[in-house]
Amino acid sequence: MPILSLQEVSKDYLTDGQPVHALSSISLNVERGEFVAMVGRSGCGKSTLLNLAGAMDFPTSGNVLLDGVATSSLKDSGLTRLHREKIGFIFQSFQLLHTLTVFENVELPLLLAGKSNPREAARERLAWVELDGLGDRYPHQLSGGQMQRVAIARALIHSPSILLADEPTGNLDTTTGGLILELLRRLTREQNTATIMATHSPEAASLANTLVRLRDGRIQEITRR
Amino acid sequence: MTLLVPFYRLMVRPLFREPVRTSLTILAIALGVSVVLAIDLAGGAAAGSFRSSMETLAGDNDLEVVTSGGVPENVVGTLATLPYPIRVSPRIEDYAVIADTKKSLPLIGLDLVAEGSAFAQSESQKPVASQTQDVSEHAFEYLGDADSIWVGSSLGYRAGDRVELLINDQVHSYTVRGVYPDSNGNESAIVMDLAAAQHALARYGRVDRILLKVPETPSPEEWQQRLQAALPAGVEVRPQGTGTNENRRMLAAFRWNLRLLSYISLVVGAFLIYNTISVSVVRRRPEIGIVRALGASKRVILSAFVGEAACFGIAGALVGLPLGRFMATGAVRLMSATVESLYVSSRPGIIELNAGSVFLAFAIGVGVAVASAYSPADEASQVSPVEAMARGRREYDVHVQKARDLWIALALGLAAGAASRAPAIAGKPLLGYLAAILLVVASALAIPAFVEALTSVSSKLLGKLLGIEALLASRSLAASLRRTSVLVGALSTAIAMMTAVGIMVGSFRQTVVVWMEDQLPADLYLRPAGSAAADRHPTLSSGLEEEIAKLPGVAAVDRLRAYEINFENMPATLASADLNVPRVYHNSDFFSGRPKEQVLAELRDSNAVIVSEPFTYKHHLKAGDSLTLSLGETRATFRIADVYYDYSSERGGIFMDRNTMLRYLPDRAPSNLAIYVSPGAQLDVVRTEIEKATTGHRVLMFSNRDLRAEAIRIFDRTFAITYALEAVAVIVAVMGIAGALLALVIDRRRELGLLQFLGAATRQVRKLILVEAGLLGLLANLAGLALGFALSLILIYVINKQSFGWTIRFHWPIEILLGALTVVYAATVFAGLYPAQVAVRLSPVEVVHEE
């Protein structure tokens with residue numbers, strides 16, 4: 001069973017009273033261990049698709065199944081549990097909390113889920129992203145690449161089934177961006193996680209197992225390598 | 001003018017996008033403005049224009065002749081026979097209560113035959129429309145009748161009506177012979193002939209005051225000297241209305257302190273304006289950068305933010321004006337009651353919202369808003385366009401120089417300590433106020449260090465105790481140190497004032513309670529039912545005390561007599577008691593600490609007096625000094641045997657043996673009786689016997705316990721207005737917290753949205769905001785309590801002492817303080833409810849991706 005299944009998913013918005021078709025009839029299955037890159041111009045629906053996949057938003061029609069469960073059918077508590085157990089997010093601008101140390105940022109999802117003693121898990125995830133020894137620093141004491149590694153460690157802290165990354169290298173230089181992509185690919189493989197990444201970068205897209213090309217809210221092409 | 005369009009678009013229009021926060025800020029200023037306005041208007045109506053009630057129908061005379069205990073009637077003759085063209089108007093001045101309505105009014109006795117002819121002459125010269133409203137056809141025929149009275153039109157009587165008046169302890173029946181216009185009750189009084197008034201009051205052979213109209217030349221001062229030379233030594237000639245000036249002087253400290261209390265809300269409001277404009281500056285940094293890059297000068301940016309504050313000030317003043325007028329009505333009632341019971345009989349004037357009040361409202365509203373916004377506005381003008389645009393939205397917390405501010409706070413604290421030890425200036429505790437202000441500023445400067453220290457120490461502990469939300473809340477407060485400090489500063493200032501006043505009032509109350517234990521040694525107290533106030537001492541009929549003394553079960557009757565006197569241009573109360581009546585005392589009430597029996601023994605039949613603590617403070621006297629009093633026709637010198645603590649009135653009191661008083665003022669009628677019940681006699685039985693014996697007299701009888709309860713009731717009423725002012729300051733602060741939390745939610749929406757991406761449930765987001773509100777409340781309570789304690793010491797030992805001359809013993813009113821602090825804390829958390837609701841309604845997708 002695919003970990004993520006989008007079945008004839010459409011998403012419409014109302015902006016200033018005018019309907020906007022963000023996604024139209026999207027169908028896509030993603031398996032564990034699969035590294036998916038979504039490409040397309042700005043406004044083509046990449047971020048909307050990630051939000052639907054992450055159950056932060058819901059389709060106007062069609063179904064989004066996460067591990068076989070339709071996100072639209074879940075109530076608030078079920079959605080919160082889904083976020084806590086199955087989904088990890090990585091953002092273009094890292095979205096670290098500057099008032100917390102690296103350790104505390106990484107631990108945050110576990111603490112929000114009410115788990116105690118998350119330090120060991122955080123230490124382990126930081127080792128995965130090669131940031132051992134930097135746990136007590138604050139975000140402003142890190143480089144951009146290091147901050148994104150912290151964000152990846154945070155996204156992995158609860159061993160999610162699916163990792164959603166929105167332009168994870170968009171704020172990084174080419175070399176650092178390359179290292180982050182390599183890290184994501186390795187972790188996807190090692191942790192058997194499904195990773196879906198929205199990107200503008202051809203280099204990033206070239207590293208994925210599956211390339212989904214979006215245009216005007218529709219899947220133009222799916223290439224599996 | 002062209003700048004007004006961008007000003008509107010960039011500064012004013014955004015305010016409408018946050019209607020709740022904008023309204024809260026405006027309301028905070030409005031409340032501050034309204035409180036100051038209310039106290040100003042009420043002060044003007046209830047205390048400021050305090051004409052002595054006895055100036056009613058006093059006309060346009062130049063001088064007055066007075067003495068303690070009444071001016072002998074022969075002085076009128078002396079004045080009338082002097083070879084000077086002066087008009088002499090003797091008056092009896094007291095109070096009467098209308099039996100039906102219980103309304104207390106000045107009772108004025110005039111020589112109506114003389115005044116009537118002058119009155120008739122002036123009426124005939126007036127146009128018909130303005131002539132006296134309702135005068136019976138034969139009104140002037142009744143001028144000299146003992147049962148004729150004339151009343152103010154606002155009382156609603158017509159000529160021919162019968163009115164029963166309670167005067168001292170007797171009810172008398174009178175006929176209304178005429179009604180005069182009385183300016184909506186402001187000049188309302190009962191007027192009767194001089195002889196009738198003397199008869200009703202049993203004040204034979206004396207008048208209370210003689211008004212004199214003297215020719216324009218030579219000067220009134222010269223006339224004063226000439227006439228003084230012709231009169232007995234004890235009789236004083238002084239400018240008419242001196243009593244009003246004395247009242248004003250006596251009330252100055254009361255009004256001054258009340259007015260200063262009303263400024264607390266403004267101070268708290270100033271903190272909040274500072275915060276609002278600071279948030280505005282930080283949010284608009286990119287806009288400032290763009291506008292600067294497009295050619296706006298630093299001055300334009302400064303003016304824009306000052307202008308934004310002025311808009312808040314103008315709106316606040318507009319709302320505050322009607323609110324202040326409304327509050328003034330309640331304030332007048334409270335202030336009048338306090339003034340009447342503690343100072344002087346008075347008649348509140350009309351509350352007038354005039355151009356001056358409007359100007360005051362706008363001046364304080366806009367003034368406070370602009371002054372408190374200047375610093376953040378100046379910071380906005382210093383923003384470099386390149387930096388602002390490059391860095392985009394910056395965190396609110398710019399930089400806080402904690403260490404430097406802490407040193408300044410320490411220096412200010414030391415300066416406050418030095419200022420609190422300085423004496424009063426011109427009778428006002430100006431340096432005491434300065435000390436209080438310095439402490440508030442020092443506290444504001446020390447708060448960033450305090451907040452940081454406390455949050456850094458406690459955040460992990462809070463996280464463990466209350467969960468990750470508490471850790472995040474605590475870190476967030478520490479990260480936004482400047483914003484947090486301003487909010488804690490605002491709320492803690494309000495709490496500190498509340499605490500300080502609470503401790504001061506609680507200490508005062510406890511001091512009074514302990515003091516009263518020895519002040520009321522008798523079992524029952526009797527006084528005339530006639531109008532009583534701090535300066536009114538109606539008397540009991542002569543002989544009544546002897547009847548009571550003969551009753552079975554009565555061990556002794558102590559006759560107390562009080563007079564309203566003037567001493568060195570200040571009103572005071574002169575009192576006497578039978579010092580031969582044995583009493584049992586537990587504590588010393590004297591500065592010297594000597595036993596009461598020993599001190600009172602010194603007064604028996606001698607020219608020795610004891611004086612109250614406020615009296616010594618007002619007149620710079622001490623035990624062993626001498627004072628000279630005008631009593632009747634003579635001036636007599638007395639030695640001050642000791643000084644007694646007295647919390648019953650701020651007027652100042654002189655106390656002597658009854659026999660000594662009778663030597664100078666031979667009127668034997670007592671003002672009050674203190675009745676001692678024989679051992680073994682039942683109090684209720686004796687009380688019933690006394691009630692029977694006093695049938696035909698209108699008297700009020702109180703037990704020892706009743707009087708204490710009444711004293712405490714008056715005490716609590718006196719401070720009701722103080723509590724009201726404190727409450728408004730706290731409301732302003734809590735509203736500020738609500739507004740600031742709302743701003744905080746809006747500014748931190750990205751973070752709050754992110755938490756939901758990371759798995760936070762909505763209840764956790766709500767809890768985060770509520771914990772932040774709770775932490776703000778806790779920090780403010782701690783800082784406020786510490787500052788409040790320090791301020792209470794200044795209030796008790798410096799400001800109160802220098803203003804009123806009372807020694808107050810420090811006392812922690814723990815229950816009241818705990819109750820008040822709990823309410824404030826709960827209100828702070830409550831203030832977080834709406835912002836918390838806004839936080840959970842945010843769309844995480846929108847707020848995380850909007851940047």
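**Exercise 1. Find the residue of β8(A) that stands opposite A:I162.**

Solution. 
- Step 1. Go to A:I162 and look across to β8(A): A:A194 is opposite. The model is predicted, so local features need pLDDT of at least 70 and side-chain atom pairs pLDDT 80 or more, while totals for chains, interfaces and linings use all residues. Residues are numbered from 1 along each chain as its sequence is written, with chains lettered from A and ligands numbered from 1 in the order in which they are written.
- Step 2. Name the strands: β7 of chain A covers residues 162–166, and β8 of chain A covers residues 194–198. Strands are DSSP runs of E, at least two residues; helices are runs of H or I, at least four; both are numbered from the N terminus.
- Step 3. Read the pairing: β7(A) and β8(A) run parallel and are joined by 5 bridges. Two strands pair if DSSP finds at least two bridges between them.

**Exercise 2. Which strands form the edges of the 6-strand sheet of chain A?**

Solution. 
- Step 1. Write the order: β6-β7-β8-β3-β9-β10, an open sheet with mixed pairing.
- Step 2. Take the edge strands: β6 (87–90) and β10 (218–224) of chain A each pair on one side only.
- Step 3. Angles run from 0 to 180 degrees between N-to-C directions, and axes are lines fitted to C-alpha atoms, for helices over the stretch in contact.

**Exercise 3. Describe the 4-strand sheet of chain A.**

Solution. 
- Step 1. Its order is β2-β1-β4-β5, open and antiparallel.
- Step 2. Find the edges: β2 (18–30) and β5 (69–70) of chain A each have a single partner strand, so one side of each has no neighbour in the sheet.
- Step 3. Check one pair: β1 (residues 4–15) and β4 (residues 61–66) of chain A share 5 bridges and run antiparallel. Here A:S5 has A:L65 as its bridge partner in β4(A).

**Exercise 4. Trace the partners of β8(B).**

Solution. 
- Step 1. β8 (residues 170–180) of chain B runs parallel to β6 (residues 148–152) of chain B, with 5 bridges. B:I149 stands opposite B:V176.
- Step 2. β7 (residues 162–167) of chain B pairs with β8(B) in the antiparallel sense, over 6 bridges. B:V163 has B:Y174 as its bridge partner.
- Step 3. Look at the turn: β7(B) and β8(B) form a hairpin with 2 residues between them, and B:N168 in that turn has a positive phi of about 55°.

**Exercise 5. How do α24(B) and α25(B) pack?**

Solution. 
- Step 1. Helices α24 (residues 762–804) and α25 (residues 814–831) of chain B meet at about 150°, with axes 8 Å apart.
- Step 2. Classify: α24(B) and α25(B) are therefore roughly antiparallel. Angles under 35 degrees count as roughly parallel, over 145 as roughly antiparallel, 65 to 115 as roughly perpendicular, and the rest as oblique.
- Step 3. List contacts: α24(B) gives residues including B:L770 and B:A773, and α25(B) gives residues including B:L821 and B:V824. Contact puts C-beta atoms, placed from the backbone, within 7 Å.
- Step 4. Sort the contact residues: 8 are nonpolar, 4 polar and none charged. Ala, Val, Leu, Ile, Met, Phe, Trp, Tyr, Cys and Pro count as nonpolar; Asp, Glu, Lys and Arg as charged; the others, Gly among them, as polar.

How values were computed
Contact = placed C-beta atoms within 7 Å.
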